[in-house]
Amino acid sequence: MQDRKWSRREVLTASTAAVAGALFAQPLRAASLPPTAVTPALIDAARKEGKISYYAAIELNVAERLGKMFEAKYPGITVRVERSGAERIFQRIAQEQDSGIHAVDVANSTDVSHYLDWKKSGWLAPYLPEDVAKYFPADQFDPDGMYATSCAWLEVIGYNTGLVKPQDAPKSYADLLDPKWQGKIVKGHPSYSGAVLTTTFVLARDLGWPYLEKLAQQKVMQVQSAGDPPKKIMLGERAVMADGNDYNLVLFKDQGKPVEVVYPQEGSPLIIVPCGVFQNAPNPNAARLFQSFFFSAEAQQMLVNEFAHRSFHAQVKPRDGQTPMSSLKLLKSDPAAVQAASEEIKARYSKVFRV
């Protein structure tokens with residue numbers, strides 16, 4: 001993240017050739033843990049525990065829908081969803097673990113670097129669902145079985161079609177620096193959202209902090225979650241969003257709302273959302289059963305069909321009308337690098353945007 005000065009032309013033509021980066025920050029190797037199938041014995045043991053505590057960084061309606069599906073498939077087991085931003089979840093789990101409190105069974109986060117920390121601390125339990133081993137690419141799960149990518153999405157630019165004409169809409173991150181967007185932009189905050197933290201890391205790495213400093217001069221409306229900017233432009237509170245997830249815009253469009261997705265010319269940050277079982281889970285069998293369900297074709301297809309998320313499950317069909325990832329430039333992050341720069345990013349961002 002060098003303090004290189006970028007012109008609007010340089011930003012517009014920024015190359016994505018050096019952006020590949022490993023998703024799990026480790027050499028690709030075969031899984032060292034045998035996969036586990038769902039058995040009657042596991043189901044019976046989970047029902048005896050009767051509950052699961054699920055810490056979720058995905059949006060509340062998505063997490064609750066997943067929980068209800070699980071409860072319907074396995075009657076007698078209740079899913080308690082604890083939803084918050086990824087960075088808040090990370091802080092909460094650290095406080096609980098340091099205090100000897102073992103309250104979380106399963107957690108997902110939009111910040112992959114959290115799993116590097118949890119794995120290093122010995123807080124995650126090895127568990128490799130059969131579907132993950134069979135149907136997921138090797139680069140989308142930890143070979144030691146500590147976590148895997150439960151879903152993904154892209155961080156994008158978007159606009160309100162009632163406030164912005166298509167020919168005038170921004171097509172790139174560079175376009176957001178145009179004076180005409182001053183006071184009309186909304187974006188999320190990296191101290192709350194893991195997805196926005198990853199996006200900020202990618203933009204600072206590829207476009208430089210001077211780009212973000214110029215963006216901050218646009219009198220940006222600051223919100224928390226990566227799910228908030230799409231809602232703000234949908235409501236017409238801002239004309240353009242500088243970051244935010246693509247799936248909410250897709251869903252709003254399906255509902256006839258006046259929004260449009262823009263996949264930036266420089267590339268779209270890829271946000272992967274791992275999930276893992278905790279070593280000291282109070283309901284270890286229910287946790288493992290839930291993890292297997294989360295990665296099943298049934299649950300993965302629901303995430304794609306109902307919430308426009310992306311899945312790496314080979315048996316899951318793409319959502320009709322959604323731009324496939326294969327046709328887009330993807331900006332990928334190195335979780336280890338994000339982990340190393342996390343606190344610097346949050347502090348510098350708060351200083352630059354004065355929030």
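Tutor: Let's start with Lys-219, which is exposed at a relative accessible area of 57% (exposed means over 50%, buried under 20%, partly exposed in between, with a 1.4 Å probe and protein chains only). Before going on, the ground rules: this is a predicted model, where local features need pLDDT of at least 70 and side-chain atom pairs count only at pLDDT 80 or more, while totals for chains, interfaces and linings use all residues. Residues are numbered from 1 along each chain as its sequence is written, and side-chain values use heavy atoms, with hydrogens and water left out.

Back to the backbone. Lys-219 isn't a glycine, yet its phi is positive, about 55°. Most residues other than glycine have a negative phi. You'll find Lys-219 in the loop between H8 and strand S7 (221-222); helices (H or I, at least four residues) and strands (E, at least two) are DSSP runs, numbered from the N terminus.

Ala-308, though, is buried, with a relative accessible area of 0%.

The structure holds 15 aromatic pairs (rings of Phe, Tyr and Trp, using its six-membered ring, with centres within 6.5 Å; planes under 30 degrees apart are stacked, over 60 edge-to-face, the rest tilted). In one of them, Tyr-173 and Tyr-211 have ring centres 6.5 Å apart and planes at 75°, so they count as edge-to-face. Tyr-211 belongs to helix H8 (residues 209-216) and Tyr-173 to the loop between strand S5 (157-160) and strand S6 (185-187), so the pair ties together parts 38 residues apart in sequence. Both Tyr-173 and Tyr-211 are buried.

There's an aromatic cluster too, with Tyr-54, Phe-70, Tyr-74, Phe-136, Phe-290, Phe-293, Phe-294 and Phe-295 as its members.

Finally, some helix packing. Ser-113, Leu-116 and Asp-117 in H5 meet Pro-335, Ala-336, Val-338 and Gln-339 in H13, where contact means heavy atoms within 4.5 Å.
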